[in-house]
Amino acid sequence: MYADVILPLPLAGLYTYAVPHEFNDKVGIGYRVVVQFGNRKIYTALVRRLHGDADKSRAFKDILSVLDSEPLVREWQFRYWDWMASYYVCTVGEVMNAALPSAFKLASETRIAINPDYINDSVMLNEKEFSLVETLYNSKKSIEISRISKIIDQQKVIPVVKTLIEKGVVVLEEEVKEKYRPKKESLIRLSESLSGDEALLRELFDRLERRAKKQLEILMTFMQLSRFGIDLVHEVKKNELLKKSGCSVAVLDSMIKKDVFEVYEKTAARNKAEPPESDPGSITLTNQQTRAIGEIRDAWTAKDVVLLHGVTSSGKTEIYIKLISETLEKGKQVLYLLPEIALTTQIINRLRKYFGERVGVYHSRFNDGERAEVWKQASMGPESHEGSRYCDIILGARSAAFLPFADLGLVIVDEEHDSSFKQMDPAPRYNGRDAGLFLAHLHGAKAVLGSATPAIESYYNAQQGKYALVELAERFGEMELPLIQLVNIKDELRRGRMKTHFSTILLDQLTEALKNGEQAILFQNRRGFSLRLECESCNWMPACKNCDVTLVYHKKSNQLRCHYCGYVTPVPSLCPVCHSPGIKMKGFGTEKVEEELGILLPEARIARMDLDTTRSKHSHQNIITGFEEQKIDILVGTQMVTKGLDFDHVSTVCILNADNMLSFPDFRSEERSFQLMAQVSGRSGRKKKRGKVIIQTYNPAHPIIQSVVKHDYSGMYSYQLGERRKFKYPPFYRLILLKVKHRDAELVNRAALDLAKKLTKVFGNRILGPEYPPVARIMNQYLKHILIKVEVESSVLLAKSRLLEVRGAFYQNPEYHPVKIIIDVDPQ
């Protein structure tokens with residue numbers, strides 16, 4: 001029997017391996033197997049196909065080990081991966097690498113050990129094999145394969161190891177160790193003799209009261225914690241019993257030796273949740289929300305996808321909870337996708353209030369074991385295994401779309417417009433929103449896309465009838481939309497009313513908010529202290545040695561940093577070119593805003609939320625919880641603070657510089673600017689008080705800023721649609737971006753020009769470029785971009801096929817072999 005397997009590598013196609021006879025009954029489609037690839041590498045592969053029709057004239061390598069007793073990946077997942085590889089022009093191996101949690105992949109260091117059944121001198125060994133076996137005997141433990149080359153003085157060690165495995169001399173330790181291990185917890189219960197005999201128990205109490213006060217204390221604590229005589233099951237966690245009783249481990253051990261207690265282990269969930277506090281039926285909906293749910297139900301009879309366009313604070317989350325409840329009643333699962341990890345904190349709390357431990361969370365800040373556990377919980381179905389919990393609601397970022405759902409009924413994509421749903425590097429460069437929609441299609445599930453500022457492509461699809469459209473035009477609880485005030489920075493500077501980066505109007509508004517016990521959010525879409533340093537004499541600016549960008553000054557660490565490659569250098573005291581000491585800071589980031597605001601408003605409690613302050617696992621949660629509990633008065637942040645967060649006491653929001661976003665050279669910059677400004681404005685406003693938003697800008701007459709002031713999404717949409725039709729951009733054209741990349745700038749230029757000429761012969765005037773991107777060198781790799789525009793009505797599949805043909809012809813030139821071409825479908 002032969003197995004065609006997927007390897008987690010950027011290599012096209014499947015690879016065939018022979019299945020040894022002893023594995024014939026142990027291997028199946030979707031099982032993980034250990035295989036040798038090349039001369040030295042061992043990988044975890046996935047069996048895609050089993051057959052007996054391989055070319056018998058060829059010698060196939062054997063599968064070394066089978067890791068699973070049941071399929072880890074199901075047939076529908078393979079179809080999902082095939083679609084993703086085809087649509088985003090990558091390999092299935094790259095999709096596999098993105099989809100599987102690290103805990104399910106082969107450990108980087110495989111170990112070998114002597115086979116327990118091996119009898120010394122029972123087989124013939126050559127010099128190299130004998131040397132390795134002797135070392136294993138002498139060490140009396142397993143050895144990492146990476147060390148074997150030194151032991152036998154040979155580079156290619158896999159053939160030696162493979163021969164010894166075939167001879168039955170060595171084994172892969174535990175058939176390659178799994179990174180994932182179920183979490184265990186120790187529990188304490190009364191011994192069987194005591195639990196059913198009240199007389200013996202009373203006698204024990206009397207004896208301990210006279211002789212062993214500490215042991216009596218731990219027994220009394222056990223009775224209290226286990227609710228002895230009230231609940232049917234009497235067990236207590238070991239660590240909880242020790243903590244509550246204040247007794248040492250020695251006291252507990254003595255009780256176990258005396259056969260008073262028994263200790264045993266049980267599988268425990270890593271991500272535990274409290275029981276639900278409320279029933280979803282207790283949510284009182286407004287007339288607008290009730291109408292919206294009715295419209296969604298009606299729309300689902302004809303279309304599978306509904307775009308829910310509701311203004312900020314219109315109560316979309318309550319609608320989601322109702323729809324989730326209805327889906328769970330049908331015995332189906334729900335996937336709730338969010339663009340940012342920061343958003344999950346609030347939504348987790350709101351969902352668990354109604355659904356308790358049925359909510360599982362999946363994102364990159366969780367460790368390998370936690371993600372592997374959610375994977376298993378999502379796949380096991382309602383009949384959960386002992387000690388595990390079944391998750392029928394999965395909340396997560398884009399990677400949650402890879403989970404192996406047993407019976408998916410609903411996909412919710414919240415803040416669907418957000419560019420964070422797009423995976424940038426490495427491949428597959430997929431969009432989590434679109435992947436979620438295809439996932440729903442595979443399961444025959446329904447989908448809801450929600451946003452106060454939908455992506456133009458999504459709103460266009462709804463207008464064209466591809467999606468159903470349901471709109472919420474009013475805020476929940478009759479709250480008014482915030483009042484937006486524009487501050488012209490040029491006028492303020494001329495009149496001397498700017499204090500550093502804060503207008504007098506803003507400072508007065510913040511002072512009033514603090515006086516009233518209210519909170520404020522300040523938005524500046526740049527982190528760091530100063531965006532650049534500049535010499536006043538010669539205009540020298542410190543730049544990254546690896547990238548074509550200036551370095552950003554971070555005051556806390558007193559360093560200059562590159563936000564692209566991470567390069568760090570000290571701050572110079574003198575200009576290295578003209579030796580002038582006059583080096584000044586230009587521009588400002590969130591760190592500077594936080595510091596200067598602390599000087600201007602010393603009584604305010606100020607916190608910052610950006611990438612620098614949210615690197616640790618629970619940092620998002622700590623900042624958001626602190627702000628919710630009013631331990632923070634003013635929150636300064638980047639776009640993290642704009643996305644769907646809901647705070648009851650925020651009365652004031654300020655956008656410190658609206659022009660940075662609008663001036664970015666991208667056809668989506670105006671749409672994104674509107675979305676960011678509208679979203680951050682939506683954080684303002686209390687239930688009984690209208691919020692206020694202050695936008696500081698050099699160009700208050702800009703059409704996008706005027707649309708934000710008027711809360712006019714339709715006006716922005718109509719204007720942008722006309723521009724995109726005129727200049728051939730989505731939703732009228734599909735985009736495929738090619739990035740040509742290499743360390744040699746001249747080679748990149750030649751290769752990009754040659755590739756563009758070849759593409760032009762096939763695609764004609766649909767090709768733009770090659771052009772340098774805004775940052776033309778990153779990590780010492782030079783870049784040039786080529787953009788392909790394909791009409792929506794044309795065959796995108798055919799366009800991708802022709803593109804691959806051109807790429808193949810391009811690489812026939814040996815000079816271009818080291819040049820990398822990155823294909824990005826639907827770039828953001």
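Reader: What percentage of the 828 residues in the chain do buried residues make up?

Author: The model is predicted, and its chain contains 26 helices and 36 strands. A residue counts as buried when its relative accessible area is under 20%. Of the 828 residues in the chain, the buried share is 52%.

Reader: Why does the radius of gyration of the chain agree with that of a compact globule?

Author: The C-alpha trace spans about 90 × 80 × 70 Å along its principal axes. For 828 residues, a compact globule would have a radius of gyration near 28 Å, and the chain agrees with this because its own value is 31 Å.

Reader: Which residues have the most contacts inside the largest nonpolar core?

Author: In soluble globular proteins, nonpolar side chains tend to be buried together. Here the largest nonpolar core has 115 residues. A second, separate core of 33 residues includes Ile293, Tyr320, Leu338 and Phe366. In the largest core, the residues with the most contacts are Tyr80, Trp81, Ile394 and Leu759.

Reader: Where does Arg683 lie, and which side chain of opposite charge is nearest to it?

Author: Arg683 is found in the loop between α22 (669-681) and β31 (692-697). The residue is buried yet has no salt bridge. A salt bridge would need a carboxyl oxygen within 4 Å of a side-chain nitrogen. At 5.4 Å, the nearest side chain of opposite charge is that of Glu415.

Reader: Which residue has its backbone oxygen 2.9 Å from a polar atom of the side chain of Arg683?

Author: Although Arg683 has no salt bridge, a polar atom of its side chain lies 2.9 Å from a backbone oxygen. That oxygen belongs to Gln679.

Key
Residues are numbered from 1 along each chain as its sequence is written. Side-chain values use heavy atoms; hydrogens and water are left out. A nonpolar core is a set of buried Ala, Val, Leu, Ile, Met, Phe, Trp, Tyr and Cys residues joined through side-chain atoms within 4.5 Å. Buried means under 20% relative accessible area, exposed over 50%, partly exposed in between (1.4 Å probe, protein chains only). Helices (H or I, at least four residues) and strands (E, at least two) are DSSP runs, numbered from the N terminus. Lys and Arg count as positive and Asp and Glu as negative; His and the chain ends are not counted. A polar contact is a pair of N or O atoms within 3.5 Å; within protein, one must be able to donate a hydrogen and the other to accept it, and residues adjacent in sequence count only if both atoms are side-chain atoms. The radius of gyration is taken over C-alpha atoms; the globule rule is 2.2 Å times the number of residues to the power 0.38.
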